[in-house]
Amino acid sequence: MNIDAWVWWLVGAAALGIPLVVTAMPEFGMLAVGAVAAAVASALGFDAVVQVLAFVVVSVALIAVVRPIAARHSAQRPQLATGVDALKGRQAVVLERVDASGGRIKLAGEVWSARALDTGRTYEAGQEVDVVDIEGATAIVL
């Protein structure tokens, strides 16, 4: 039984797809696409040298072009802030005196415990403050 080279390239592409799924490393997917390109070259009747060149060129090109783009996108913060991240930077109204040891504020319609970022500052009831961070269930205000 003589199996054509293009079938072996497709088997190689499928074999490279397995670690892609298991490890979530996109480089395996790029190598699998290179193997598919080599299978196409084989099916078109090109010799082994052209098949290997197709595999190498397509794989390296994908890794060189797609990988930096993917890295740049994964480093970006999500555009829509949710949860406590959505509360950072918002303004709140002091309900009970806030200092370094604690106090209460009204933030986004809810009452939160709060403490001052600057240990020497105090904020009296009725003042507006900015929320700079959330630590557990306590808003850090400035």
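Visitor: Hi! Where does UniProt place the feature "transmembrane region"?
Guide: Hello! The unreviewed UniProt entry puts that feature at residues 6-22 and 52-70. Keep in mind that the structure here is a predicted model.

Visitor: Now helix 2. What should its 18 residues span?
Guide: Helix 2 covers residues 26-43, and at 1.5 Å a residue it should span 26 Å; the end C-alpha atoms are 26 Å apart, so the two values agree.

Visitor: Which residues of helix 2 are buried?
Guide: Among them are Glu-27, Gly-29, Met-30, Gly-34 and Ser-42, along with several alanines such as Ala-35 and Ala-38.

Visitor: And what do they pack against?
Guide: The buried residues of helix 2 pack against helix 1 (5-23) and helix 3 (48-75).

Visitor: Let's pick Ser-59. Which helix does Ser-59 lie in?
Guide: Ser-59 lies in helix 3. Leaving aside residues up to four places away in sequence, Ser-59 touches Met-30, Leu-31 and Gly-34.

Visitor: Why does Ser-59 count as buried?
Guide: Because its relative accessibility is 3%, and buried means under 20%.

Visitor: Changing topic: which residues does "domain: NfeD-like C-terminal" cover?
Guide: The unreviewed UniProt annotation covers residues 84-141. Over that stretch the chain is 0% helix and 59% strand, and the end C-alpha atoms are 14 Å apart.

Terms used
Residues are numbered from 1 along each chain as its sequence is written. This is a predicted model: local features need pLDDT of at least 70, side-chain atom pairs count only at pLDDT 80 or more; totals for chains, interfaces and linings use all residues. Side-chain values use heavy atoms; hydrogens and water are left out. UniProt positions are given in the numbering used here, feature names are shortened, and annotations may be inferred rather than shown by experiment. Helices (H or I, at least four residues) and strands (E, at least two) are DSSP runs, numbered from the N terminus. The expected span of a helix is 1.5 Å times one less than its number of residues. Buried means under 20% relative accessible area, exposed over 50%, partly exposed in between (1.4 Å probe, protein chains only). Contact means heavy atoms within 4.5 Å.
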